[in-house]
Amino acid sequence: MDAWLGGDLGTLYRWDGSNWNEQASGTAMATVHIRGASSSKVWAIKSNSSIWFWNGTTWTAGSAYSSNNRLWFSSDKEGWVYGGSSAYRWNGTMWSYDGSSTPALWSQSSTNAWSINSGDIYRFDGMRWSSAW
């Protein structure tokens, strides 16, 4: 099982089950959040809100999403980037704008995600967000 640590100046370390090994991150930007679905599908958000992807061998730069600094993945085909003024959803192929704003999000599957914003709880059913209570 892999594990990752990120830090300032682009520093990244990967646990291979026995040792921590430094990995080239491709950037000097600090890593603020890392989530993975498998050893060859890992996403990281850098301090400039850019998303980077690990394919099992190298990190490559993806898109930048203004003020978003959190990731959540329930599988390699279901993920979210959030934490700022908007949220984006990963469907296994591409990111799409979700339109919601949330500081906290949890997802179990493509049809069951939960978020909280200003004390209100919302549920995503795969199509839309609705007030849970």
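These legends walk through several close-up views of a predicted model.

In this predicted model, local features need pLDDT of at least 70 and side-chain atom pairs count only at pLDDT 80 or more, while totals for chains, interfaces and linings use all residues. Residues are numbered from 1 along each chain as its sequence is written, and side-chain values use heavy atoms, with hydrogens and water left out.

View 1. Strands β1 (3-6) and β4 (31-38) each give at least two lining residues, with the largest share, five residues, coming from β4. (Strands are DSSP runs of E, at least two residues long, numbered from the N terminus.) Sorted by class, the lining has six nonpolar, three polar and two charged residues. Nonpolar covers Ala, Val, Leu, Ile, Met, Phe, Trp, Tyr, Cys and Pro; charged covers Asp, Glu, Lys and Arg; the others, Gly among them, are polar.

**View 2. The sheet β1-β2-β3.** Here three strands make an open sheet in the order β1-β2-β3, with antiparallel pairing. Two strands pair if DSSP finds at least two bridges between them. At the edges sit β1 and β3 (20-23), each pairing on one side only. From one strand to the next, the twist averages 30°; axes are lines fitted to C-alpha atoms, and angles run from 0 to 180 degrees between N-to-C directions. Four bridges link β1 to β2 (residues 12-15), and Gly 6 has Leu 12 as its bridge partner in β2.

**View 3. The sheet β8-β9-β10-β11.** This open sheet has four strands, again paired antiparallel. β8 and β11 (95-97) are the edge strands with a single partner each, so one side of each has no neighbour in the sheet. The twist averages 20° from one strand to the next. Zoom in on β8 (residues 70-75) and β9 (residues 78-82), and you'll find five bridges and a hairpin with two residues between the strands. Phe 73 is bridged to Gly 79 in β9, and Trp 72 stands opposite Trp 80.

**View 4. The hairpin of β12 and β13.** β12 (residues 104-109) and β13 (residues 112-117) run antiparallel and share five bridges. Two residues lie between them in the hairpin. Leu 105 has Ser 115 as its bridge partner in β13.

**View 5. Aromatic rings in pairs.** The structure holds 13 aromatic pairs. Rings of Phe, Tyr and Trp (its six-membered ring) pair if their centres lie within 6.5 Å; planes under 30 degrees apart are stacked, over 60 edge-to-face and the rest tilted. Trp 15 and Trp 20 are tilted, because their planes stand at 55°, with ring centres 5.4 Å apart. Trp 54 and Trp 59 make another tilted pair, 5.7 Å centre to centre and 45° between the planes. Buried or exposed? Trp 54 and Trp 59 are both buried, whereas Trp 15 is partly exposed at 26% and Trp 20 is partly exposed at 40%. (Buried means under 20% relative accessible area, exposed over 50%, partly exposed in between, with a 1.4 Å probe and protein chains only.) Trp 43, Phe 53, Phe 73, Trp 90 and Trp 95 gather into one aromatic cluster.
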